Structure formats: C-alpha cells, structure tokens
Amino acid sequence: MKTRMLLSVLSLAPSLLLASQLSVYQDKTLYSYTPDDTFIGLTKNVKAQCGRQRVAVQNSIDCPTDQRLCSLYQEAEKLNTHIRANTENSQILDKLVTLPQPDSIDAKSWIAAARSVAKEKAALLTEKEKLAYQNKVLKQRFARETRSTLPLVLEKPCKKALTLTLPYGYITFQPLYEANLPGNGEIEVTQKLTLRNRSGVDIKADKAHFYNTVASQPLYPVHFNPWIVSETKTYMPRKALMMNDAMVQSKAMVKGTPSAAPKANYLQSREYAVTDLVLPSTGEPKEVPVMTWKVPVNCGRESYPYRRHGVFEVCRFTPKFQIEQHRWKYFEKGKLANEKAVGEYDGNFYTLYTKLDQDIKIVRKPIVRHEKESGIFGSTVRKKDGFRLEITNKSNRVKKLRIIERIPVSTTEKINVKLLTVKGAKYTLKKEGKIIMPLILQPHEHKEIEVLFELSYDKDLKVSY
C-alpha cells in the first residue's frame with residue numbers, strides 16, 4: 001500500500017512543478033520560472049522576486065558554461081585578452097628599440113635585427129587591426145542581443161518561483177498580416193505575431209501571453225463636489241481668479257479631498273497566447289502563427305489623379321476579426337507580390353491597397369488658367385475652371401478601373417460651385433464634390449476626360465482653392 005502511494009506521488013511530481021510563464025505588456029515584461037542556478041542573463045535594470053520576497057541582484061564575472069549567452073561573454077573575454085596582449089607586445093617592442101646601442105656596430109647583425117623588429121611590428125599592427133574589427137562586430141552583437149556586457153546573477157539561490165520584471169522595450173511584439181489572393185473570389189488572411197527579444201535573458205516559457213495594454217494603470221478616484229452658484233460681490237481679474245482657484249484646490253488636497261483628475265480612456269485589450277515558446281535573446285524577429293481566415297473579396301483598380309498619377313490595385317472585404325495594424329505582405333496565388341502593402345478601414349469595409357499598376361499612365365492638366373475669368377454680370381464674378389485627364393493603357397490586356405476626382409466645395413453661401421460638364425466618361429457626383437468615373441480601357445487605348453466647373457462669387461471677394 002505504501003509503495004503504491006509513493007509511486008502515485010512520484011508520478012504527480014512533474015505536474016507539481018511550476019510552469020514557466022511570460023507576460024509581455026506595453027510598459028513591462030514579467031517572466032516567471034524555476035531557476036537552476038543564480039544566473040539571470042547579460043542584462044541590467046531587472047527586478048527579481050523569489051516567491052513573494054524581493055531579492056537582490058548583482059553583476060558577476062562568472063558565467064555558467066552551459067548558458068548560451070555565456071559563450072558570448074566568454075568570447076568577449078578572450079578578445080579583450082588578445083587586445084591587451086597585443087598592446088603589451090607593441091609597448092615592449094617600442095622599449096627594445098629605444099635601448100642604448102653598443103659603441104661598435106656589426107652592420108650585418110644590425111640590419112638583421114632591424115628587419116626582425118620591422119617584421120614583428122608590422123605583424124602586431126596587422127593583428128591590432130583585425131582585433132579592432134572583431135571588437136567592433138562583437139560590440140554590435142552585444143547591442144543587438146543583450147543589455148549588458150556583464151552577467152547579472154542573484155545574490156543568493158532561489159528555490160521557489162523566480163519572477164523577473166523587465167523594462168519596456170526589452171521584449172516586444174507586433175502583429176503581422178499576410179493576404180493571399182488564390183483567385184477564387186476570396187481573400188485568405190494569415191495573422192502572425194512577430195516577437196523580438198533583446199533583453200539579455202533567454203526565454204523558455206510553457207505559456208506566454210502578449211497584451212496590447214499596460215500592466216500598471218494609474219487611477220485617480222473622483223469624489224463628488226457640489227457646483228456652487230453665488231453672488232459676485234466684487235470684481236476679480238481673471239488672473240487673480242485663477243490663482244484663487246489654485247489656492248482652493250491646494251487647500252482641498254491638504255485636507256484630504258482629492259481634486260478632479262483627467263479621465264482615463266480604457267482601450268480594448270488584444271491578447272495573444274503562445275505555448276511552449278522558446279525565445280532566445282538574439283535580437284532577431286521570430287514569427288509565430290496566430291490564425292488564418294477567409295472572406296469574400298472584391299478587387300479592382302482605382303486612381304486619384306488630383307493627388308498622384310498612379311493607379312492602385314485594391315481589394316475590399318469585411319474582416320472576420322479586427323485588423324490591428326495596417327502594414328501587409330501581399331501574395332497572389334502564393335507568390336509574394338508586395339512586401340509593403342497598406343490597408344485601412346473604410347466604413348464597414350476594409351480596403352487593402354495591394355500594389356500599383358504600372359501599365360496605366362495618367363496625366364492631369366489644367367484646362368483654364370486660374371487667372372482668367374469668364375464674364376462679370378453686375379457685381380458677380382463667374383469663373384470657369386477645370387482639368388483634363390489623359391489616360392493610356394500601355395499593356396496588351398483590357399483594364400478596368402475607377403477614377404476618383406473632385407471639384408471644389410464651398411463652405412460659405414458667398415461662394416457657389418457648380419459642375420458644368422464631364423466629357424469622355426460616365427460619372428457619378430457624390431457629396432463633397434467627389435466624382436467617380438468607371439472606365440474600361442482596351443489594349444493600348446488612349447482616352448481623354450475633361451471636367452469643367454464654375455465658381456460664382458461677389459467681385460470684392462478673394463477666392464482661393
């Protein structure tokens with residue numbers, strides 16, 4: 001019976017061990033694990049807590065050989081030894097050259113010695129240059145991977161759960177989105193998490209959580225204060241009134257009554273969970289897949305010539321989940337098409353600007369110069385203006401696109417704007433002077449569109465647009 005009980009306890013022992021946990025917030029990182037020794041990492045500004053007790057940390061010159069980061073530290077130690085040896089050898093050689101020379105000089109021996117000294121000095125200079133380069137590369141690696149060149153250790157061993165508090169920026173995460181168009185009327189969205197560890201502490205976590213919020217949120221309780229209305233007996237200048245208010249608030253704080261605090265806006269927390277995470281402190285980004293989902297998509301081409309002459313290829317869809325950042329990698333049938341696609345929310349839809357169509361050329365030219373005016377009736381100026389769009393399809397394929405243009409919009413009744421004509425394309429006039437013109441371009445086809453509008457205003461007004 002006792003044997004069975006002992007075996008059952010031994011079988012449960014692994015599950016009783018503390019699972020290592022990593023929690024990354026926007027202001028700090030918490031890492032809890034059971035340490036094998038006192039070594040923490042090549043880091044600094046780290047707080048440590050053993051169980052519920054705060055424990056002291058200190059720098060050390062000893063670094064366990066079985067730790068990955070210690071190999072970097074030992075490499076730096078060896079390099080520093082070589083640099084010091086090179087410096088000492090150069091100084092000794094310089095002293096030998098300045099020693100008193102004998103009265104009688106054997107020319108052959110003197111020449112041989114001079115050659116030997118010159119050869120040794122050249123070798124030392126060459127070695128110095130190589131060591132300087134190696135030292136530069138090693139410093140860059142330290143800066144990328146660690147926060148300190150010295151090991152950080154606990155002052156005494158911790159037999160309980162050790163929790164490290166790392167400052168902001170030591171471990172970071174960033175959502176990453178990839179969009180793929182397989183050509184079946186759907187868009188495939190893959191969300192990943194890009195993790196980067198530059199803390200100087202190698203992370204091995206059974207469970208890791210990443211929060212898009214802060215761990216420490218200062219709160220200022222607000223207590224009710226009556227809104228007093230009273231008779232103003234004497235006039236008090238505004239400056240004196242402000243000073244008086246400040247004195248009243250100061251006295252209230254002294255008495256223990258808190259003053260009104262700014263309102264804290266709570267942002268929705270976005271949380272990611274990763275199991276069995278191995279994140280060494282290399283400074284290199286590590287991509288962790290989160291999820292993949294598909295939705296119907298509508299893709300086409302759009303151009304905004306009043307801003308730029310390029311033609312965007314765009315895709316619109318309704319996301320299944322909230323898009324948290326708007327830089328994308330874009331693929332077409334699994335092949336990378338653009339590493340720097342950009343997206344944005346547009347009402348109920350999400351618009352992804354995938355790439356530019358290089359086959360369509362658009363040139364925008366003014367038709368009527370701004371200085372010219374077309375007729376004055378009484379005290380009213382009627383001024384015509386407009387622009388011409390020259391569109392060329394340079395490819396041997398049919399191209400469909402939408403051109404989004406605009407005419408001025410008045411914010412005052414003193415100025416009226418009217419669209420006169422749109423020649424060369426069908427159009428729809430929307431609010432705020434937005435003009436949408438759908439086009440179909442045949443291979444190598446050239447089209448021209450003319451847009452004319454009129455401004456009317458009092459001749460004494462100065463108008464700019």
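Q: Which residues touch the most other members in the largest nonpolar core?
A: A nonpolar core is a set of buried Ala, Val, Leu, Ile, Met, Phe, Trp, Tyr and Cys residues joined through side-chain atoms within 4.5 Å. Buried means under 20% relative accessible area, exposed over 50%, and partly exposed in between, with a 1.4 Å probe and protein chains only. The largest core here has 30 residues, and those touching the most other members are L22, L162, L164, L195, I203, F210 and L277.

Q: How many helices and strands does the protein have?
A: This is a predicted model, in which local features need pLDDT of at least 70, side-chain atom pairs count only at pLDDT 80 or more, and totals for chains, interfaces and linings use all residues. Residues are numbered from 1 along each chain as its sequence is written, and side-chain values use heavy atoms, with hydrogens and water left out. Helices (H or I, at least four residues) and strands (E, at least two) are DSSP runs, numbered from the N terminus. The protein comes to four helices and 26 strands.

Q: Which residues does L277 touch, not counting residues up to four places away in sequence?
A: Contact means heavy atoms within 4.5 Å. L277 belongs to the largest nonpolar core. Beyond four places in sequence, L277 touches L22, L195, I203, K204, A205, A208, F210 and K286.

Q: How many residues are in the second, separate core?
A: In soluble globular proteins, nonpolar side chains tend to be buried together. The second core is separate and includes V311, I360, I403 and L439. Its residue count is 23.

Q: What share of contacts between residues at least 6 apart in sequence joins residues at least 24 apart?
A: The protein has 465 residues, of which 31% count as buried. Contacts between residues at least 6 apart in sequence form the basis here. The share that joins residues at least 24 apart is 75%.

Q: Which residue of β11 is the bridge partner of V24?
A: Strand β1 (residues 21-24) pairs with strand β11 (residues 203-211) over four bridges. That pairing is parallel. The partner of V24 is F210.

Q: Why is one side of β3 and of β6 left without a neighbour in the sheet?
A: These strands belong to an open, antiparallel sheet of three, in the order β3-β7-β6. Because β3 (39-41) and β6 (57-59) stand at the edges, each has a single partner strand.

Q: Which residue in β7 is the bridge partner of G41?
A: β3 and β7 (residues 152-154) run antiparallel and are joined by two bridges. The partner of G41 is L152.

Q: How many residues apart in sequence are the parts tied together by W328 and Y350?
A: Rings of Phe, Tyr and Trp (its six-membered ring) pair if their centres lie within 6.5 Å; planes under 30 degrees apart count as stacked, over 60 as edge-to-face and the rest as tilted. W328 and Y350 form a tilted pair, 5.8 Å centre to centre with 45° between the planes. W328 is buried at 1% relative accessibility, and Y350 is buried at 0%. W328 lies in strand β16 (residues 327-332) and Y350 in strand β18 (residues 349-356), so the separation is 22 residues.

Q: Which residues form a cluster through ring pairs?
A: The whole structure holds 15 aromatic pairs. Ring pairs link a cluster of Y177, W293, F317, F321, W328, Y345 and Y350.

Q: How far apart in space are R397 and P443, C-alpha to C-alpha?
A: R397 sits in the loop between β21 (380-393) and β22 (399-406). Leaving aside neighbours within four places, R397 contacts D359, L441, Q442 and P443. R397 and P443 are 46 residues apart in sequence, yet their spacing is 5.0 Å.

Q: Is N45 buried or exposed?
A: N45 is found in the loop between β3 and β4 (47-50). Its phi is positive, about 55°, although N45 is not a glycine. With a relative accessible area of 57%, N45 is exposed.

Conventions:
Two strands pair if DSSP finds at least two bridges between them.
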